[in-house]
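Here are my notes for you, written as numbered points. Keep the picture open while you go through them.

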Amino acid sequence: MEEDEGMILEEIYDKVKPYLSAEGIKAIEEQGLTVIDSDGDLTTPTIKNRECAYAIYEKGILKCGIEKAYLMGKIDYKKPISCHLYPIRISKYEHYDALNYDRWNICSPACSNGESLQVPIYKFLKDPLIRKYGEDWYNSLVKTIEKI
Ligand code: SF4
């Protein structure tokens, strides 16, 4: 998560809380709205080292409670940018960010679906890429990719 997203979570938590699971709320109350992981990065707490404390099950499908509050019109913050950008992971360097595709076998069905629908990742992630780097950056990314 970005540094300022910790503050955003503090501001919106009361509106997000009604959409979270009892176990998630307990984990947040015990660990805090955010935690620092073993790499020193700001991240979300987990429920017993499993799923994110903000995750909720709906009909057996794991979804994001923050995004649920957003979709219900309660907040205007969708979810942490790192979640929004997944499966792209950002590594920050002094003068630039490196964006890499994170391979994870549980994403295989999404990859097959994207392939059959002919949706490359830079199009699938258009909204979060614009959210993070702006419209001009995204347009020049598209031009660069489509020239190759
Ligand atoms: S999208 Fe992010 S914040 Fe939301 S449940 Fe998943 S990991 Fe947690």
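**Notes on the chain**

1. Let's start with charge. The chain carries 20 positive and 25 negative side chains, and the centres of the two sets sit 7 Å apart. Lys and Arg count as positive and Asp and Glu as negative, while His and the chain ends are not counted. Each charge is placed at NZ of Lys, CZ of Arg, CG of Asp or CD of Glu.

2. A word on where this comes from. This is a predicted model, in which local features need pLDDT of at least 70 and side-chain atom pairs count only at pLDDT 80 or more, while totals for chains, interfaces and linings use all residues. Residues are numbered from 1 along each chain as its sequence is written, and side-chain values use heavy atoms, with hydrogens and water left out.

3. Now the fold. You'll find eight helices and six strands in the chain, in the order α-α-β-β-β-β-α-α-β-β-α-α-α-α along the sequence. These are DSSP runs numbered from the N terminus: helices are H or I with at least four residues, strands are E with at least two. Along the principal axes, the C-alpha atoms fill a box of roughly 50 × 40 × 30 Å.

4. What share of the 148 residues counts as buried? It's 31%, where buried means under 20% relative accessible area, exposed over 50%, and partly exposed in between (1.4 Å probe, protein chains only).

5. Next, the ligand. The residues around it are Cys52, Tyr54, Ala55, Cys64, Ile66, Lys79, Pro80 and Cys83, each with a heavy atom within 4 Å of it. By class, that shell has seven nonpolar, no polar and one charged residues. Here Ala, Val, Leu, Ile, Met, Phe, Trp, Tyr, Cys and Pro count as nonpolar, Asp, Glu, Lys and Arg as charged, and the others, Gly among them, as polar.

6. Have a look at Leu85, which belongs to helix H4 (residues 81-85). Leu85 counts as buried because its relative accessible area is 1%. Leaving out residues up to four places away in sequence, Leu85 touches Ile90, Leu125, Pro128, Leu129 and Lys132; contact means heavy atoms within 4.5 Å.

7. Then try Asn100, in strand E6 (residues 97-101). Is Asn100 buried or partly exposed? Asn100 is partly exposed, because its relative accessible area is 43%. Its contacts, not counting residues up to four places away in sequence, are Pro87, Ile88, Arg89 and Ser91.
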